[in-house]
Amino acid sequence: MVSKNNKKPTMKVMVIGLDGATFNVLNPLIRQGKLPNLQHLIQNGTSGHLKSTLPPLSPAAWSTFQTGKNPGKHGVFDFFRNSPGEHSYIPVNSTFLKSKTLWEILSDYGKRVGVLNIMFNYPPREVNGFIVSGKETPGENSEYTFPRSLKNEILQVEPKYEAEPFKRISHTIKFLKEVPILLNRQEKINSYLFKKYSPDLFVNLFAIPDIIHHVFWKYMDPSHPSYCEKESRRYLPLIEKCYQTLDEIIGARLKMIDEDTIVIIMSDHGGGPLHCFIQLNRWLEQHGFLTIKKDKRYHGSSFLRNIKSLMRKLYSYALMYDTSGFFKRLRFETMGKRMASAQNAIDWSKTKAFAGRSSEHGIYCNLKGREKNGIVNPGEEYESLRQTIISQLLKLIDPHSGQRVFENVYKREEIYDGPYMSYAPDIILDFGNNPYEPGDVLMGEEIVEKVRSNRFSGMHRPDGILIVYGRDIKKDAKIDGAQICDIASSILYMMGLKIPADMDGKVLHDIFEPSFIDNRPAEYIQIETGKSKTDEGEMNYTEDETEEIQKRLKSLGYI
């Protein structure tokens, strides 16, 4: 509230994250009158696209949201981190996030915070308030709350509560019917904690838009190659019900807040169709950057490759209707063997570059001194190799559509800066709004491979959503140029607090009424935000926990 003595306003902030939400899906539903609460917020607030990180990947994006920094400063680029000197990787958690979070900074200012289900908050850090972790929680028996006693309180209110309610994702109508139930169960705890503890900053995340886009996009998009009108008529009402449930939750939240609370609806990235996988290792092999061992196990006949392709298709159909989970378990058990076989198939003594995981959107050079069997010399050879790969990738054309595959391709230092830039791939791929995603196939496939009709049909896009609503926020206004790194700085500004000078984001002054920002310049402070109160090194998951995390990410196509 702005007082007569011109002190800075004391505001509370509620952030509702809708993972992967895009106006391309929301606006048609709003025009049909199916999302009245989101429509109200847009008409009475400021809205626009929110640019994600590059690439637009959830781990990097949500970590940037909660730190106000680019991945080179906070250290999280992916769901995994590569093991130095080895072609292997380990799952990431909050101990890998090498910066104070917004909620820790607010705690230092004496503000009370409440955070639920935001990525990379397991194990939860100590704050002035509470944290309930989400996706990277390895199991329901884990201690996923701060304070620890809060877990028992949650389970007393809702015995069926799960830190990660969407572990069991399937391509079925049954799954879609369960989504509203799971969302309302999640919201029961969200609203309970908000009303009981009344934090100055309340943040929660709903993952379901992103899940719907990955799995069910083809039912929402008549232009998708796998679209089937008959199937769409069955699935679309259930998909819309998921969005309507979120809208109803938002409407109920609006009734809980007072006039001193600003509401932010945001997503970490957008969503769009997926038409083809780009098999990067096949491309690298074809262009002489990667070599496969001369072994019959790795160079089968075209007949055998066709048989394997047919078996994969049959297996995919089995997975689609796998109600018992048998084929999913079998797929995971064979995944490790397949990955190990792929690594063994590469002749590292003749390989200059190799693709990262599909979730990385990048390519690594086989660099001496870094990789186990590196052959590329640092310096001139390394730089020349990267430039050659980049210039040739930019020429890659989709033979099915005639479209250029990449919007751009970058060296990592062109995108990131900071002490943790070395965790990123050497080359970063930018698909823009093109309908492509990296594949992880090593041998025997086309470079541009059409997505199978029974698999994933949607993937991320750079533009997420931003809707800001409350007193002193412009009404029925649009904002351009907002980026996800701007949110932390803007929240601190809303709350009248100084902003750490090492944050990369700017304050989104354009969302405020002029009377709010008159004579209130953003103030910055030089403080040490590189370490958390709980920064005691990195915590690695157990073998069983790692297996559980990998299963979940596999179900969404990230590995």
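A residue is termed buried when its relative accessible area is under 20%. In this predicted model, Thr351 has a relative accessible area of 0% and is therefore buried. Thr351 belongs to the loop that runs between helix H12 (326-345) and strand E12 (353-355). Leaving aside residues up to four places away in sequence, the contacts of Thr351 are with Phe289, Leu290, Thr291, Ile346, Asn366 and Ile375.

The largest nonpolar core comprises 116 residues. Within this core, the residues with the most contacts are Phe65, Trp103, Leu201, Ile264, Ile265, Met266 and Leu466. For Leu201, again without residues up to four places away in sequence, the contacts are Val13, Val15, Leu102, Trp103, Leu106, Arg112, Val113, Gly114 and Ile491. Another core, of 35 residues, lies apart from the largest one. Among the members of this other core are Leu280, Trp348, Val376 and Leu442.

A pair of aromatic rings is described by the distance of the centres and the angle of the planes. In total, 21 aromatic pairs are present in the structure. In one of them, formed by Tyr493 and Phe516, the ring centres are 6.3 Å apart and the planes stand at 75 degrees. Planes over 60 degrees apart count as edge-to-face, so the pair of Tyr493 and Phe516 is assigned to that class. Distant parts of the chain are linked by this pair, as Tyr493 is in helix H14 (residues 486-494) and Phe516 is in helix H15 (residues 514-517), 23 residues apart. Tyr493 and Phe516 are both buried. Elsewhere, Phe175, Phe216, Tyr219 and Tyr235 are joined into a cluster through ring pairs.

Arginine side chains also meet aromatic rings. The charged end of Arg81 is placed over the ring of Tyr423, at 3.8 Å from the ring centre. Arg357, in turn, lies over the face of Tyr89, and the distance to the ring centre is 4.5 Å.

Key:
Residues are numbered from 1 along each chain as its sequence is written. This is a predicted model: local features need pLDDT of at least 70, side-chain atom pairs count only at pLDDT 80 or more; totals for chains, interfaces and linings use all residues. Side-chain values use heavy atoms; hydrogens and water are left out. A nonpolar core is a set of buried Ala, Val, Leu, Ile, Met, Phe, Trp, Tyr and Cys residues joined through side-chain atoms within 4.5 Å. Buried means under 20% relative accessible area, exposed over 50%, partly exposed in between (1.4 Å probe, protein chains only). Contact means heavy atoms within 4.5 Å. Helices (H or I, at least four residues) and strands (E, at least two) are DSSP runs, numbered from the N terminus. Rings of Phe, Tyr and Trp (its six-membered ring) pair if their centres lie within 6.5 Å; planes under 30 degrees apart count as stacked, over 60 as edge-to-face and the rest as tilted. A charge sits over a ring if NZ of Lys or CZ of Arg is within 6 Å of the ring centre and within 35 degrees of the ring normal.
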